[in-house]
Amino acid sequence: MQTSKLKTLLIYKYLEEFSDDGNPVSTTELIAMLKEKGIPAERKSIYADVKALNEIGCNILSVKSPKIGFFVADRRFDLPEVRLLIDAVSSAGFITPNKTKVLVDKLESLLSANQAKTLKSQVYCSGENKCDNEEIYYIINGLDEAINNKKQVKFVYKRRNIDKEQKKSFTEKTFTVSPYALIWKEDHYYLVCNNKKYDNLINLRLDRMKKIEILDEPQRPVSEVSEYDVFNSADYSAKMFNMFSGDTDEVTLLCNLDIREEIMDRFGSKIPLKAADIEHFETTINAAVSDGLVSWIMQYGKDIKVLKPQYLADMVAEKARKIAELY
């Protein structure tokens, strides 16, 4: 490559790596960096290269404060955006500690060296709730391919055993399923699928899968095992509680006014809120009736009462009775 072209590319590389609005890189510093690569440069040529880079849309600004120099003003991701992505990766339980570190390093490379250094001191990564399944990327890729091609998949599913000796052991079972969607919810990644032995949808955690194999058999139409002609991830996820599957029903709740914000956070601001009395309101939702829904209702104690369906109210009462018997 011609030295002049290489010089222009290196200038952009150095500015991308080392500059930001609080830390511009001076012409003198750029000349010194280029000299280390054996490329001579004059101040006038640096300005010409920066002008050429701006002409193709690199958006490099020249400033005189806090010091004289150049910086890249328009990065693909801003600092708050990278921070948000790093926090998401760090808190995701289905990403192993090793892959978390690699991903965080890649995200930090989107920033300048000074920004990344500042960010590194603020980010906390805990490995306590991280999985140890290093196949997770391969599993995600395989499931995504199977979903797009409407093929069945086979994999080994691992569950932790509970035993009196407190030995850490696992049970492994092979599943063959029709995959429909991947959903990240409540800090876990789930596959929504159908076990061909049954006529319903189930949710399986990706971090418990291994040895995935895409089969030649076509997936079972989702309309045969659910209410959907075309699977709707957003609608399905909104109806699940703690990712327990169940039959969807219309549920009417009597709620204390103090929890209206929490109810809208969970179901969206467009749900109906009908005043019942000076301290309560009613709302009606569509939800999968399951143990997950029962547990979610019970966490609010006397602040939520199930008005209908009656069988759900009976489920809550029965669980409350069994809990009371323990004490």
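# Briefing: side-chain contacts and backbone features

Asp199 is exposed, its relative accessible area being 56%. The model in which this residue is found is a predicted one. A search of the whole structure gives 8 aromatic pairs, and the count of salt bridges comes to 15.

**Salt bridges**

- Asp199 and Arg220 meet through their side chains in a salt bridge, with 2.5 Å from N to O. Asp199 is in the loop between β5 (188-195) and β6 (202-205), while Arg220 is in the loop between β7 and α8 (233-239), so this pair ties together parts that are 21 residues apart in sequence.
- Arg205 and Asp207 form another salt bridge, at 2.9 Å from N to O. Arg205 counts as buried because its relative accessibility is 17%, under the 20% cut-off. Asp207 is buried as well, with a relative accessible area of 12%.
- In the salt bridge between Glu318 and Arg321, the closest N and O atoms are 2.4 Å apart. These two residues are 3 residues apart in helix α11, which means that about one helical turn separates Glu318 and Arg321.
- Glu318 is partly exposed at 30% relative accessibility, and Arg321 is partly exposed with a relative accessible area of 38%.
- Glu318 and Arg321 also belong to a network of salt bridges that links them with Lys322 and Glu325.

**Aromatic rings**

- A pair of aromatic rings is described by how far apart the centres are and by the angle of the planes.
- For Tyr228 and Phe231, the ring centres are 5.4 Å apart and the planes stand at 70°, so this pair is edge-to-face. The cut-off for that class is over 60 degrees.
- Phe231 also pairs with Tyr236, and that pair is tilted, with 5.2 Å centre to centre and 55° between the planes.
- The residues of these two pairs are buried: Tyr228 has a relative accessible area of 9%, Phe231 has 15%, and Tyr236 has a relative accessibility of 5%.
- Elsewhere, ring pairs join Phe155, Tyr157 and Phe175 into a cluster.

- Helix α5 covers residues 97-108 and has 12 residues. At 1.5 Å a residue it should span 16 Å, and its end C-alpha atoms are 16 Å apart, so the two values agree.
- The buried residues of α5 are Lys99, Thr100, Val104, Leu107 and Glu108.
- Lys99, one of these buried residues, lies over the face of Tyr137, at 5.2 Å from the ring centre.

**Backbone features**

- The peptide bond that runs from Lys308 to Pro309 is cis, with omega near 5°. Pro309 is in the loop between β11 (304-308) and α11 (310-326).
- Asn59 is not a glycine, yet it has a positive phi of about 55°. This residue is placed in the loop between α3 (43-55) and β1 (60-63), and at 31% relative accessibility Asn59 counts as partly exposed.
- Lys211 is not a glycine either, and it has a positive phi of about 55°. Lys211 is in strand β7, which covers residues 209-218. At 56% relative accessibility, Lys211 counts as exposed, the cut-off being over 50%.

Note on methods. Residues are numbered from 1 along each chain as its sequence is written. This is a predicted model: local features need pLDDT of at least 70, side-chain atom pairs count only at pLDDT 80 or more; totals for chains, interfaces and linings use all residues. Side-chain values use heavy atoms; hydrogens and water are left out. Rings of Phe, Tyr and Trp (its six-membered ring) pair if their centres lie within 6.5 Å; planes under 30 degrees apart count as stacked, over 60 as edge-to-face and the rest as tilted. Buried means under 20% relative accessible area, exposed over 50%, partly exposed in between (1.4 Å probe, protein chains only). A charge sits over a ring if NZ of Lys or CZ of Arg is within 6 Å of the ring centre and within 35 degrees of the ring normal. Helices (H or I, at least four residues) and strands (E, at least two) are DSSP runs, numbered from the N terminus. The expected span of a helix is 1.5 Å times one less than its number of residues. A salt bridge is a side-chain nitrogen of Lys or Arg within 4 Å of a carboxyl oxygen of Asp or Glu.
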